[in-house]
Amino acid sequence: MKQRIALASEWVGRARRIVVLTGAGISAESGVPTFRGDEGLWKRHRPEKLATPEAFRRNPRLVWEWYRYRQALVEKTRPNDAHRALARLEEGREGFLLVTQNIDGHHERAGSRKVVELHGNLFRARCDECGERRSMRGETASTTIPRCARGHEMRPDVVWFGEALPVPALEEAWKGATQSDLFLVIGTSAQVHPAASLPLAAKESGSRVVEVNTAETVLTDVADLVLRGRAAKIVPLIARVEKGA
Ligand code: APR
(Lines give C-alpha, C1' and ligand atoms only; values in the text may rest on other atoms or scores of the structure.)
Protein backbone atom coordinates (compact mmCIF):
# COMPACT_ATOMS: atom_id res chain seq x y z
CA MET A 1 0.00 0.00 0.00
CA LYS A 2 2.88 2.40 0.78
CA GLN A 3 4.19 2.07 -2.78
CA ARG A 4 0.75 2.69 -4.23
CA ILE A 5 0.34 5.82 -2.08
CA ALA A 6 3.78 7.04 -3.13
CA LEU A 7 2.87 6.45 -6.79
CA ALA A 8 -0.47 8.28 -6.42
CA SER A 9 1.30 11.15 -4.68
CA GLU A 10 3.81 11.34 -7.55
CA TRP A 11 0.96 11.40 -10.09
CA VAL A 12 -0.66 14.24 -8.09
CA GLY A 13 2.64 16.15 -8.09
CA ARG A 14 3.03 15.79 -11.87
CA ALA A 15 -0.62 16.29 -12.90
CA ARG A 16 -1.58 19.55 -14.58
CA ARG A 17 -5.38 19.19 -14.54
CA ILE A 18 -6.80 17.29 -11.56
CA VAL A 19 -10.50 16.52 -11.21
CA VAL A 20 -11.85 14.93 -8.03
CA LEU A 21 -15.24 13.21 -7.66
CA THR A 22 -16.39 12.67 -4.08
CA GLY A 23 -19.27 10.73 -2.59
CA ALA A 24 -20.70 10.10 0.86
CA GLY A 25 -17.63 8.09 1.89
CA ILE A 26 -15.50 11.24 2.19
CA SER A 27 -17.87 12.58 4.85
CA ALA A 28 -18.34 9.24 6.65
CA GLU A 29 -15.46 9.98 9.06
CA SER A 30 -17.07 13.33 9.87
CA GLY A 31 -20.08 11.37 11.12
CA VAL A 32 -22.39 11.94 8.14
CA PRO A 33 -24.08 8.61 7.33
CA THR A 34 -23.53 7.16 3.83
CA PHE A 35 -26.44 5.90 1.78
CA ARG A 36 -25.72 2.24 0.94
CA GLY A 37 -23.29 1.00 3.58
CA ASP A 38 -24.36 -1.26 6.47
CA GLU A 39 -25.35 1.84 8.45
CA GLY A 40 -26.51 3.58 5.28
CA LEU A 41 -29.46 5.97 5.26
CA TRP A 42 -31.28 3.91 2.66
CA LYS A 43 -31.20 0.93 5.03
CA ARG A 44 -33.49 2.75 7.45
CA HIS A 45 -35.47 5.04 5.17
CA ARG A 46 -37.06 4.40 1.77
CA PRO A 47 -35.65 6.89 -0.78
CA GLU A 48 -38.84 6.69 -2.85
CA LYS A 49 -40.76 7.86 0.24
CA LEU A 50 -38.52 10.83 1.00
CA ALA A 51 -36.29 11.81 -1.91
CA THR A 52 -38.56 12.06 -4.97
CA PRO A 53 -40.76 14.82 -6.46
CA GLU A 54 -43.80 12.55 -5.95
CA ALA A 55 -43.01 12.16 -2.23
CA PHE A 56 -42.80 15.95 -1.93
CA ARG A 57 -46.06 16.51 -3.78
CA ARG A 58 -47.76 13.85 -1.63
CA ASN A 59 -46.40 14.99 1.72
CA PRO A 60 -44.18 18.13 1.73
CA ARG A 61 -44.27 18.28 5.55
CA LEU A 62 -42.80 14.74 5.92
CA VAL A 63 -40.11 15.47 3.31
CA TRP A 64 -39.14 18.72 5.05
CA GLU A 65 -39.05 16.85 8.38
CA TRP A 66 -36.54 14.41 6.82
CA TYR A 67 -34.38 17.21 5.40
CA ARG A 68 -34.42 19.20 8.64
CA TYR A 69 -33.40 16.01 10.46
CA ARG A 70 -30.47 15.69 8.06
CA GLN A 71 -29.61 19.43 8.39
CA ALA A 72 -29.51 19.06 12.20
CA LEU A 73 -27.38 15.92 11.87
CA VAL A 74 -24.89 17.51 9.44
CA GLU A 75 -24.72 20.73 11.51
CA LYS A 76 -23.24 18.65 14.34
CA THR A 77 -20.43 17.41 12.07
CA ARG A 78 -17.28 19.06 10.74
CA PRO A 79 -15.12 18.61 7.65
CA ASN A 80 -12.34 16.04 8.17
CA ASP A 81 -8.70 15.73 7.05
CA ALA A 82 -9.76 14.48 3.61
CA HIS A 83 -11.91 17.58 2.92
CA ARG A 84 -9.10 19.82 4.19
CA ALA A 85 -6.45 18.06 2.12
CA LEU A 86 -8.48 18.61 -1.06
CA ALA A 87 -8.84 22.32 -0.19
CA ARG A 88 -5.03 22.53 0.20
CA LEU A 89 -4.51 20.61 -3.04
CA GLU A 90 -6.60 23.20 -4.91
CA GLU A 91 -4.56 26.16 -3.62
CA GLY A 92 -2.12 27.55 -6.15
CA ARG A 93 -3.33 25.17 -8.85
CA GLU A 94 -4.94 26.43 -12.04
CA GLY A 95 -6.11 23.03 -13.26
CA PHE A 96 -8.26 21.76 -10.39
CA LEU A 97 -11.97 20.97 -10.08
CA LEU A 98 -13.81 19.28 -7.23
CA VAL A 99 -17.08 17.60 -8.23
CA THR A 100 -19.18 16.32 -5.36
CA GLN A 101 -22.34 14.23 -5.08
CA ASN A 102 -22.58 15.25 -1.43
CA ILE A 103 -25.07 17.87 -0.28
CA ASP A 104 -23.48 18.40 3.18
CA GLY A 105 -21.50 21.51 2.19
CA HIS A 106 -18.34 20.20 3.91
CA HIS A 107 -16.04 20.88 0.95
CA GLU A 108 -16.77 24.62 1.01
CA ARG A 109 -16.50 24.68 4.80
CA ALA A 110 -13.06 23.06 4.51
CA GLY A 111 -12.01 25.88 2.16
CA SER A 112 -12.52 24.37 -1.30
CA ARG A 113 -13.52 27.03 -3.83
CA LYS A 114 -13.87 25.33 -7.22
CA VAL A 115 -16.69 22.97 -6.17
CA VAL A 116 -19.42 21.62 -8.44
CA GLU A 117 -22.37 20.36 -6.37
CA LEU A 118 -23.97 17.84 -8.73
CA HIS A 119 -26.80 16.94 -6.33
CA GLY A 120 -27.44 20.37 -4.77
CA ASN A 121 -27.02 21.51 -1.19
CA LEU A 122 -28.85 20.43 1.97
CA PHE A 123 -28.79 23.98 3.38
CA ARG A 124 -30.45 25.70 0.42
CA ALA A 125 -34.17 25.92 -0.39
CA ARG A 126 -35.59 26.69 -3.83
CA CYS A 127 -38.95 27.75 -5.20
CA ASP A 128 -39.95 25.84 -8.33
CA GLU A 129 -42.59 28.48 -9.11
CA CYS A 130 -40.38 31.56 -9.25
CA GLY A 131 -36.86 30.10 -9.05
CA GLU A 132 -35.94 31.91 -5.83
CA ARG A 133 -33.11 30.18 -3.94
CA ARG A 134 -31.99 30.96 -0.44
CA SER A 135 -29.72 29.65 2.27
CA MET A 136 -31.40 27.94 5.22
CA ARG A 137 -28.36 28.19 7.49
CA GLY A 138 -29.56 29.44 10.85
CA GLU A 139 -33.22 28.53 10.30
CA THR A 140 -32.86 24.77 10.55
CA ALA A 141 -34.69 24.71 13.89
CA SER A 142 -37.91 25.94 12.33
CA THR A 143 -40.61 23.34 11.64
CA THR A 144 -42.61 25.19 9.02
CA ILE A 145 -42.34 24.73 5.25
CA PRO A 146 -40.15 27.60 4.00
CA ARG A 147 -41.88 30.02 1.62
CA CYS A 148 -40.42 32.31 -1.05
CA ALA A 149 -40.94 36.09 -1.11
CA ARG A 150 -44.13 35.51 -3.10
CA GLY A 151 -45.44 33.03 -0.52
CA HIS A 152 -44.95 29.80 -2.54
CA GLU A 153 -43.88 26.62 -0.68
CA MET A 154 -40.17 26.05 -1.24
CA ARG A 155 -38.42 22.65 -1.59
CA PRO A 156 -34.93 21.48 -0.62
CA ASP A 157 -32.49 22.60 -3.36
CA VAL A 158 -31.31 19.02 -3.94
CA VAL A 159 -31.62 16.60 -6.89
CA TRP A 160 -34.16 13.86 -6.16
CA PHE A 161 -34.36 10.41 -7.70
CA GLY A 162 -35.94 10.73 -11.13
CA GLU A 163 -34.85 14.37 -11.53
CA ALA A 164 -32.30 15.77 -13.97
CA LEU A 165 -29.08 17.22 -12.61
CA PRO A 166 -28.48 20.98 -13.00
CA VAL A 167 -27.20 21.28 -16.59
CA PRO A 168 -24.46 23.90 -15.94
CA ALA A 169 -23.02 21.75 -13.11
CA LEU A 170 -23.07 18.60 -15.20
CA GLU A 171 -21.50 20.36 -18.22
CA GLU A 172 -18.72 21.81 -16.06
CA ALA A 173 -18.07 18.40 -14.47
CA TRP A 174 -18.08 16.61 -17.83
CA LYS A 175 -15.73 19.16 -19.41
CA GLY A 176 -13.37 18.94 -16.44
CA ALA A 177 -13.37 15.13 -16.49
CA THR A 178 -12.67 14.82 -20.21
CA GLN A 179 -9.86 17.41 -20.06
CA SER A 180 -8.24 16.07 -16.89
CA ASP A 181 -4.95 14.19 -16.77
CA LEU A 182 -5.65 12.84 -13.28
CA PHE A 183 -9.10 11.87 -11.92
CA LEU A 184 -9.43 11.00 -8.21
CA VAL A 185 -12.61 9.13 -7.17
CA ILE A 186 -13.08 9.25 -3.40
CA GLY A 187 -15.75 7.55 -1.29
CA THR A 188 -18.42 6.77 -3.84
CA SER A 189 -20.11 3.46 -4.67
CA ALA A 190 -20.52 4.77 -8.25
CA GLN A 191 -24.10 3.45 -8.33
CA VAL A 192 -25.75 6.70 -9.40
CA HIS A 193 -25.42 8.17 -12.89
CA PRO A 194 -24.50 10.52 -14.49
CA ALA A 195 -21.98 11.16 -11.68
CA ALA A 196 -20.68 7.60 -11.92
CA SER A 197 -19.99 8.05 -15.66
CA LEU A 198 -17.49 10.86 -15.05
CA PRO A 199 -14.54 8.59 -14.14
CA LEU A 200 -15.22 6.47 -17.24
CA ALA A 201 -15.35 9.57 -19.45
CA ALA A 202 -12.08 10.76 -17.90
CA LYS A 203 -10.40 7.40 -18.53
CA GLU A 204 -11.62 7.29 -22.13
CA SER A 205 -10.13 10.77 -22.61
CA GLY A 206 -6.74 9.54 -21.46
CA SER A 207 -6.86 10.55 -17.81
CA ARG A 208 -5.41 8.34 -15.06
CA VAL A 209 -8.06 7.24 -12.55
CA VAL A 210 -7.22 6.69 -8.86
CA GLU A 211 -9.88 5.23 -6.55
CA VAL A 212 -9.86 5.80 -2.76
CA ASN A 213 -12.46 3.63 -1.04
CA THR A 214 -12.76 1.31 1.94
CA ALA A 215 -14.45 -1.28 -0.28
CA GLU A 216 -14.48 -2.56 -3.86
CA THR A 217 -16.82 -0.75 -6.28
CA VAL A 218 -17.81 -1.05 -9.93
CA LEU A 219 -14.96 1.39 -10.68
CA THR A 220 -12.25 -0.71 -9.03
CA ASP A 221 -11.48 -2.62 -12.23
CA VAL A 222 -11.48 0.60 -14.27
CA ALA A 223 -9.11 2.50 -11.98
CA ASP A 224 -5.40 2.72 -12.84
CA LEU A 225 -4.62 2.70 -9.12
CA VAL A 226 -6.79 1.55 -6.18
CA LEU A 227 -6.05 2.77 -2.63
CA ARG A 228 -8.15 0.61 -0.31
CA GLY A 229 -8.71 2.48 2.96
CA ARG A 230 -10.18 5.48 4.75
CA ALA A 231 -10.29 8.79 2.90
CA ALA A 232 -9.27 10.86 5.97
CA LYS A 233 -6.07 8.79 6.20
CA ILE A 234 -5.22 8.37 2.51
CA VAL A 235 -6.20 11.69 0.91
CA PRO A 236 -3.77 13.85 2.99
CA LEU A 237 -0.97 11.44 1.99
CA ILE A 238 -1.62 11.54 -1.77
CA ALA A 239 -2.46 15.26 -1.74
CA ARG A 240 1.01 15.71 -0.22
CA VAL A 241 -0.19 17.69 2.81
CA GLU A 242 0.39 16.72 6.41
CA LYS A 243 -2.71 15.47 8.27
CA GLY A 244 -4.71 18.09 10.13
CA ALA A 245 -3.20 20.82 7.91
N1 APR B 1 -13.32 6.35 3.25
C2 APR B 1 -13.47 6.07 1.92
N3 APR B 1 -14.59 5.49 1.40
C4 APR B 1 -15.58 5.19 2.27
C5 APR B 1 -15.50 5.45 3.65
C6 APR B 1 -14.30 6.06 4.14
N7 APR B 1 -14.13 6.34 5.45
N8 APR B 1 -16.66 5.02 4.24
C9 APR B 1 -17.44 4.53 3.26
N10 APR B 1 -16.80 4.62 2.07
C11 APR B 1 -17.30 4.26 0.74
C12 APR B 1 -18.18 3.03 0.69
O13 APR B 1 -17.39 1.86 0.50
C14 APR B 1 -19.04 3.32 -0.57
O15 APR B 1 -18.38 2.86 -1.74
O16 APR B 1 -18.12 5.33 0.33
C17 APR B 1 -19.10 4.85 -0.59
C18 APR B 1 -20.47 5.39 -0.19
O19 APR B 1 -21.40 4.97 -1.18
P20 APR B 1 -22.92 5.47 -1.10
O21 APR B 1 -23.40 5.35 0.31
O22 APR B 1 -23.63 4.78 -2.21
O23 APR B 1 -22.82 7.04 -1.38
P24 APR B 1 -22.61 7.76 -2.79
O25 APR B 1 -21.76 6.93 -3.70
O26 APR B 1 -22.14 9.14 -2.49
O27 APR B 1 -24.12 7.82 -3.38
C28 APR B 1 -24.30 8.56 -4.57
O29 APR B 1 -26.70 8.28 -4.32
O30 APR B 1 -28.41 8.24 -2.79
C31 APR B 1 -27.83 8.99 -3.80
O32 APR B 1 -27.83 11.31 -4.07
C33 APR B 1 -27.34 10.30 -3.24
O34 APR B 1 -25.29 11.48 -3.72
C35 APR B 1 -25.82 10.21 -3.38
C36 APR B 1 -25.64 9.22 -4.52
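The ligand sits in the largest pocket. A pocket is an open set of points on a 1 Å grid over the protein atoms alone, with protein on both sides within 12 Å along at least five of seven lines; a molecule sits in it if more than half of its atoms lie within 2 Å of its grid points. This is a predicted model, in which local features need pLDDT of at least 70 and side-chain atom pairs pLDDT 80 or more, while totals for chains, interfaces and linings use all residues. Residues are numbered from 1 along each chain as its sequence is written, and side-chain values use heavy atoms, without hydrogens and water.

**Ligand shell**
- Of the 23 residues around the ligand (a heavy atom within 4 Å), F35, R36, T188, S189 and N213 come nearest.
- The shell holds eight nonpolar, 12 polar and three charged residues, with Gly counted as polar.
- Domain 1 and domain 2 each supply at least three residues of the shell.

**Polar contacts (N or O atoms within 3.5 Å)**
- The side chains of T188 and N213 each place an N or O atom 2.7 Å from an oxygen atom of the ligand.
- For G187, a backbone N or O atom lies 3.3 Å from a ligand oxygen.
- The protein buries 89% of the 740 Å² that the ligand exposes when taken alone (Shrake-Rupley method, 1.4 Å probe).

**Domains**
- The protein is divided into domain 1 (1–32 + 79–119 + 165–245) and domain 2 (33–76 + 124–158), with bounds from an automatic or database domain assignment.
- Their C-alpha centres lie 26 Å apart.
- The contact between them (heavy atoms within 4.5 Å) takes 15 residues from domain 1 and 12 residues from domain 2.

Conventions: A polar contact is a pair of N or O atoms within 3.5 Å; within protein, one must be able to donate a hydrogen and the other to accept it, and residues adjacent in sequence count only if both atoms are side-chain atoms. On a 1 Å grid over the protein atoms alone, a cavity is a set of points where a 1.4 Å probe fits but cannot get out, and a pocket is an open set with protein on both sides within 12 Å along at least five of seven lines; lining residues have an atom within 4 Å of a point.
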